[in-house]
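User: Could you take a close look at one part of this protein for me? I'd like to hear about the surface, and I'm new to this.

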Amino acid sequence: MRMTKEFDEGSKPFRHSGHIGPGPKPGPKRAVNLSIDAEILAAAKAQRINLSQTLEDELRKRTQQAREAKWQEENREAFEAHNRFIAKHGIWSEKYRSW
């Protein structure tokens, strides 16, 4: 008797996080002192929010955004030069395109 898994149509829809590949590797931890508004801290504790993980996630997101913005700024001229070249000379494979 062969048992097979059937597709469950009633299951929750698949939601992709948008991230491809392994997640960020955790680095060594370092203790730091922070000053936080007492009301916000109390609310976070009441909701059992992990402050260290929340701060780490937000810092990771913001530093990634800063790196991306810096990369875009550093490479803006190269992209603009490429676009000017294409506008002036066209695409080398234009004659082979069928669409």
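Analyst: Let's start with the nonpolar patch: Val-32, Leu-34, Ile-36, Ile-40, Ile-49, Leu-51, Leu-55 and Leu-59 form it on the surface, with about 710 Å² of accessible area together. A patch takes residues with over 30% relative accessible area and no salt bridge, joining nonpolar side chains (Val, Leu, Ile, Met, Phe, Trp, Tyr) within 5 Å and like charges within 9 Å. The areas come from the Shrake-Rupley method with a 1.4 Å probe, and for residues only the protein chains shown count as cover.

Keep in mind that this is a predicted model, where local features need pLDDT of at least 70 and side-chain atom pairs count only at pLDDT 80 or more, while totals for chains, interfaces and linings use all residues. Residues are numbered from 1 along each chain as its sequence is written, and side-chain values use heavy atoms, leaving out hydrogens and water.

Helix α2 (residues 51-89) gives the most to the patch, with three residues. Helices here are DSSP runs (H or I, at least four residues), numbered from the N terminus. Leu-34 sits in the segment before α1 (38-46), and counts as exposed because its relative accessibility is 54% (exposed is over 50%, buried under 20%, partly exposed in between, with a 1.4 Å probe and protein chains only).

Now for a charged pair: Lys-29 and Glu-56 meet in a salt bridge at 2.8 Å, N to O, meaning a side-chain nitrogen of Lys or Arg within 4 Å of a carboxyl oxygen of Asp or Glu. This pair ties together distant parts of the chain, 27 residues apart: Lys-29 lies in the segment before α1, and Glu-56 in helix α2. Lys-29 is exposed at 61% relative accessibility, whereas Glu-56 is partly exposed at 23%.

Notes. Helices (H or I, at least four residues) and strands (E, at least two) are DSSP runs, numbered from the N terminus.
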